[in-house]
Amino acid sequence: MGLYLTPIEVVEDISKEDFRQKYLLPRKPVILRNMAKKWPAYEKWTMDYMKEVVGDVEVPLYDSSKADPSAPINSSAAKMKFTDYIDLIKNTPTDLRIFLFDPIKSAPKLLEDYISPKELMGGFLDKYPAMFFGGKGSETFLHFDIDMPHIFHTHFNGRKHVLLFDYKWKERLYKIPFATYALEDYDISNPDFEKFPALDGIEGIECILEHGDTLFMPTGWWHYMRYLDGSFSISQRAWDKSWAVKAHSLWNLLAQRNFDNFMKGKFKKKYMDWKEKKAIEHANYAFKKGLPK
């Protein structure tokens, strides 16, 4: 019993055509090892530098506890000054993470320190790319991004363990209906196959990101991340050219999310219990049928 995890492919440098043919069109993850070495951020982005440029802005922090259906959407577990949080993750294991605060908006000079990989593809979306911070041992639960972008995820100041799964495995991963995340009752890095049998035999990709590594995650790929050291990352997102993917993104953002928020607000735990029950039913059915083919 087990997951079938293969090591990710790693390239030092790559041409636009090779990237397009080998990774973009087949939607296959890859680590680009030298891309960020060309950025000022490769040398500049230390913990102390982040403290200096962002300062004492209060930030919301999130932990590894299961979502509370009675709480407002994206309720934080704590708040802290950014400088104090950086000191915390430099020295102490903690499950507290930053993912809904954008340091670049507080410190626009950070925009000068990285370069969008437009030599590889177009369609980049964000004026202010998202940044993510975590303490040693903190986790980002298994999910895919709601707007279905391609993601270039570059890591700094430590290591991060990443597991990736193609979108086609969504039912077997116990996808929660009307959501973009999996059932939170199992640990994908150490699954209990007796309790969650549909996970047995799933194929995925595994990697360890180190300082300066850029992970290309194609549209729809599920990802789980665990910080092996207090560290941080920046994600640059780009549209897929497929109109079907764009339509899926708009459905997720405009229809599915609003419906889900309404149902959670109205029915709370009863609705969440129903969704978890359905996730298990769908996973067991897909497993029994040997899906995906």
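Author: Let us start with G204. This is a predicted model. G204 has a relative accessibility of 9%, so this glycine counts as buried, the cut-off being under 20%. Where does G204 sit? Its place is in strand β11, which covers residues 203–209.

Next come the neighbours. Leave aside residues up to four places away in sequence, and G204 touches Y4, L5, T6, L164 and F165. How far is G204 from K278? The two are 74 residues apart in sequence, and their C-alpha atoms are 23 Å apart in space.

Now step back along the chain from β11. Phi of F178 is near 60 degrees, a positive value, and F178 is not a glycine. Is F178 buried or partly exposed? It is partly exposed, because its relative accessible area is 32%.

R27 has a positive phi too, of about 55 degrees, and is likewise not a glycine. R27 lies in the loop between α1 and β3, the latter being residues 30–32. With a relative accessible area of 29%, R27 counts as partly exposed.

Helix α1 takes us to a pocket. This helix runs over residues 16–24 and gives the most to the lining of the second largest pocket, with three residues. How many residues line that pocket in total? There are 13, and R20, L24, L25, M121 and K241 lie nearest its centre. By class, the lining has five nonpolar, three polar and five charged residues. The space in this second largest pocket comes to about 290 Å³.

Rolling a probe the size of a water molecule over the atoms shows where empty space is left. The structure holds one cavity of 30 Å³ or more. The largest cavity has a volume of about 40 Å³. Which residues line it? They are D145, M148, P149, I151, M217, P218, T219, G220, W221 and H223. Six of the lining residues are nonpolar, three are polar and one is charged.

Now to the end of the chain. The peptide bond from L291 to P292 is cis, with omega near -5 degrees. P292 lies in the segment after α7, a helix of residues 269–288.

Last, the whole chain. Its secondary structure comes to seven helices and 14 strands. Along the principal axes, the C-alpha atoms fill a box of roughly 50 × 45 × 35 Å. Why does the chain fit the picture of a compact globule? A compact globule of 293 residues would have a radius of gyration near 19 Å, and the chain has 19 Å, so the two agree.

What share of the residues is buried? Buried residues make up 48% of the 293, and G204, with its 9%, is one of the buried residues.

Methods. Residues are numbered from 1 along each chain as its sequence is written. This is a predicted model: local features need pLDDT of at least 70, side-chain atom pairs count only at pLDDT 80 or more; totals for chains, interfaces and linings use all residues. Side-chain values use heavy atoms; hydrogens and water are left out. On a 1 Å grid over the protein atoms alone, a cavity is a set of points where a 1.4 Å probe fits but cannot get out, and a pocket is an open set with protein on both sides within 12 Å along at least five of seven lines; lining residues have an atom within 4 Å of a point. Grid points are joined across faces, edges and corners, and a volume is the space filled by probe spheres set on the points. Helices (H or I, at least four residues) and strands (E, at least two) are DSSP runs, numbered from the N terminus. Ala, Val, Leu, Ile, Met, Phe, Trp, Tyr, Cys and Pro count as nonpolar, Asp, Glu, Lys and Arg as charged, and the others, Gly among them, as polar. The radius of gyration is taken over C-alpha atoms; the globule rule is 2.2 Å times the number of residues to the power 0.38. Buried means under 20% relative accessible area, exposed over 50%, partly exposed in between (1.4 Å probe, protein chains only). Contact means heavy atoms within 4.5 Å.
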